[in-house]
Amino acid sequence: MKIPIKGLSFTILLSISSAIYSMEYQATKKNNQLKLMEMASAYILSRAIHTAAEIKVADYMVTGSQNVVFLAQKTGMNENALYRLLRLLASYDIFSHDESSNFSLTSLAQELVSTDPFSLW
């Protein structure tokens, strides 16, 4: 026998509750997976920042936006590799990027300028 609870049967409420629990579990599991992936990939970002600082690429953007070809020549880096590095860093707002493959400093990238007296490097 079904017992009505405010117009809904107990069976329906149980089904809804079960579905909500399942959705919450899946959302939590997905969230945990994303968190773990972010933690595991943090090493990639830290190495990218270190590499950019090491080759002093930010120093060549102090006067304004620069094309990746120019930056590759100045840093002695492979153009494609430097482009991928800077695009990765731009995706974290460390550098700014436009559709013409020009990169410029952001407030975060300013910390990488070696001639800045308050630079981290």
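View A. Buried means under 20% relative accessible area, exposed means over 50%, and partly exposed is in between (1.4 Å probe, protein chains only). Helices (H or I, at least four residues) and strands (E, at least two) are DSSP runs, numbered from the N terminus. In soluble globular proteins, nonpolar side chains tend to be buried together.

Before moving on: this is a predicted model, where local features need pLDDT of at least 70, side-chain atom pairs count only at pLDDT 80 or more, and totals for chains, interfaces and linings use all residues. Residues are numbered from 1 along each chain as its sequence is written, and side-chain values use heavy atoms, with hydrogens and water left out.

**View B. Zooming in on L89.** Setting aside neighbours within four places in sequence, L89 is in contact (heavy atoms within 4.5 Å) with L45, A48, I49, A52, I94 and F95.

**View C. An aromatic pair, Y83 with F103.** Rings of Phe, Tyr and Trp (its six-membered ring) pair if their centres lie within 6.5 Å; planes under 30 degrees apart count as stacked, over 60 as edge-to-face and the rest as tilted. By that rule the count comes to 1 aromatic pair. Y83 and F103 sit edge-to-face, 6.0 Å centre to centre with 70° between the planes. The pair links distant parts of the chain, with Y83 in helix 3 and F103 in strand 5, 20 residues apart. F103 is buried, at 0% relative accessible area, while Y83 counts as partly exposed because its value is 28%.

**View D. N102 and its surroundings.** N102 belongs to strand 5. Its side chain makes a polar contact with the side chain of N67 (3.3 Å). A polar contact is a pair of N or O atoms within 3.5 Å; within protein, one must be able to donate a hydrogen and the other to accept it, and residues adjacent in sequence count only if both atoms are side-chain atoms. Leaving out neighbours within four places in sequence, N102 is in contact with S65, Q66, N67, S96 and H97.

**View E. Positive phi at K56.** K56 isn't a glycine, yet its phi is positive, about 55°. K56 lies in the loop between helix 1 and strand 3 (66–67).
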